[in-house]
Amino acid sequence: MHRLLVLAGMFGMATLAVQVPGAAGETARAFTVAYLVVRGLVIVLNARAWRHVPPARPMLTAFISGFTLGWLLWASSLLVGGPARYWLWAAGTAIEIGTPLVSRRVIQAAPIHASHIPERMGLFIIIVLGESVLAVVVGVS
């Protein structure tokens, strides 16, 4: 289930990226819907973690609450137009960015699995190498 949700999030991000050029104009609604799908999946993933990782529940409760509030502001922007839409986007984004900052104490108390760090670094290196190879191929062609 986790992998399917992450895959859905990747497709959502691709859809969101396609909508960016017209986000302030003709594709604002599609951009908002794509953003809501991606952020909704993040909330669902946090809710699943809340269920399965009891020691992380205080942190995840803060994240779910803050992210849901931001999501609701973004969703309400579908009901308005013009500058009000952008103010709601800004407020929702500020809450989503601010949630981890305000939740520092509970984040520090959350369990950390150091065994995942080498795996994440390995994946990061693979991505960087892949991007480098792609850049060389594009440059040569």
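Predicted model: local features only at pLDDT ≥ 70, side-chain atom pairs only at ≥ 80, totals over all residues.

Q: Which residue lies over the face of F67?

A: That residue is R39, at 4.8 Å from the centre of the ring.

Q: How is a pair of aromatic rings described?

A: Two quantities are used for such a pair: the distance of the centres and the angle of the planes.

Q: How many aromatic pairs does the count give here?

A: The count comes to six aromatic pairs. One of them joins F31 and W89, with 5.3 Å from centre to centre and 55 degrees between the planes, and this pair is tilted. The pair links distant parts of the chain, since F31 belongs to helix α2 (residues 28-52) and W89 to helix α4 (residues 82-102), 58 residues apart.

Q: Are F31 and W89 buried or exposed?

A: Both F31 and W89 are buried.

Q: Which residues do ring pairs link into a cluster?

A: The cluster consists of F31, Y35, W74, Y86 and W89.

Q: Which residues form a nonpolar patch on the surface?

A: The patch is formed by M1, L4, V6, L7, M10 and F11, and together they have about 640 Å² of accessible area. One of these residues, L4, is found in helix α1 (residues 2-19).

Q: Why does L4 count as exposed?

A: L4 counts as exposed because its relative accessibility is 57%, and exposed means over 50%.

Methods
Residues numbered from 1 in each chain as written. Heavy atoms only, no water. Patch = residues over 30% accessible without salt bridge, like charges linked within 9 Å, V, L, I, M, F, W, Y side chains within 5 Å. Areas by Shrake-Rupley, 256 points an atom, 1.4 Å probe, with all protein chains shown as cover. Salt bridge = Lys/Arg side-chain N within 4 Å of Asp/Glu carboxyl O. Helix = DSSP H or I, 4+ residues; strand = E, 2+ residues; numbered from the N terminus. Buried < 20%, exposed > 50% of the residue type's maximum accessible area, 1.4 Å probe, protein only. Phe/Tyr/Trp six-rings, centres within 6.5 Å; stacked < 30°, edge-to-face > 60°. Lys NZ or Arg CZ within 6 Å of the ring centre and 35° of its normal.
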